Amino acid sequence: MVDHFDVRLVKLARQGDQEAFADLVDVYKDKIFHLAYRMLSNRHEAEDIVQETFLRVYKNWERYDEKQKFSTWLYRIATNLCIDRLRKRKPNYYLDAEMKDQEGLDGYTLIPGDERTPESEYLLTETQQTIHYAIEGLPAKYKSVVILRYLQELSLSEISDVLDMPVTTVKTRLHRGREFLRKKLQHKVL
């Protein structure tokens, strides 16, 4: 049903119907935000990605192939924007590494709070936090596949379409990402 609803909205939006485009934004903005936040671990950058994604959709309707699902095209745009943002970042520094001239302190002490409310903090279990931090530590090529599969719940073929790579490559990266997570989490009590 959602696909039929999407198809109708997309056709109207492509014909210039602003209300239909606004409806598409309403349907997908939270999903794109969660994808971007998981990949970038930064609320402001994730909000920027949401805006940039829909701006690109609006400007590039002629590039959309109606034979594919709109959500696949949308996720591809958002994922590519996130990957570009990750590539442009400064070199990574390991949070576990001890800071120079700061005996006993590491990078974790510099991380600011992320504006959680007491209610949301209560709902966020220790296991979820542990897994979230492990996913943040994944290399970008595994991170995008793991997030799209397990957090956005896309199928392997949808991920293949979003990332424009063969399903076999998606499977390989998913396997390696899980192995990376398994090794990272094996010492944690879940």
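1. The face of helix H9 turned away from its buried side carries two exposed residues, Thr168 and Lys183. Keep in mind that this is a predicted model.

2. The buried side of H9 consists of Val170, Leu174, Gly177, Leu181 and Leu185. Viewed down the axis of H9, these buried residues fall within an arc of 65 degrees, so they line one face of the helix. An α-helix has 3.6 residues a turn, so residues three or four places apart point the same way.

3. H9 covers residues 167-185, 19 residues in total. From first C-alpha to last, H9 reaches 26 Å. That is close to the 27 Å expected at 1.5 Å a residue.

4. Now look at Phe21, in helix H2 (residues 18-40). Is Phe21 buried or exposed? Its relative accessible area is 12%, so Phe21 is buried: the cut-off is under 20%.

5. What does Phe21 touch, leaving aside its neighbours within four places in sequence? Its contacts are Ala13, Phe54, Val57, Tyr58 and Trp61. Phe54 is 33 residues from Phe21 in sequence. Their C-alpha atoms are 9.2 Å apart in space.

6. Next, two phi angles. Most residues other than glycine have a negative phi. Ser41 has a positive phi, near 55 degrees. Ser41 sits in the loop between H2 and helix H3 (43-59). Ser41 is partly exposed, with a relative accessible area of 30%.

7. Glu153 also has a positive phi, near 60 degrees. Its loop lies between helix H7 (140-151) and helix H8 (156-163). Glu153 is exposed, at 65% relative accessible area.

Terms used:
Residues are numbered from 1 along each chain as its sequence is written. This is a predicted model: local features need pLDDT of at least 70, side-chain atom pairs count only at pLDDT 80 or more; totals for chains, interfaces and linings use all residues. Side-chain values use heavy atoms; hydrogens and water are left out. Helices (H or I, at least four residues) and strands (E, at least two) are DSSP runs, numbered from the N terminus. The expected span of a helix is 1.5 Å times one less than its number of residues. Buried means under 20% relative accessible area, exposed over 50%, partly exposed in between (1.4 Å probe, protein chains only). The arc is that of the directions from the helix axis to the C-beta atoms. Contact means heavy atoms within 4.5 Å.
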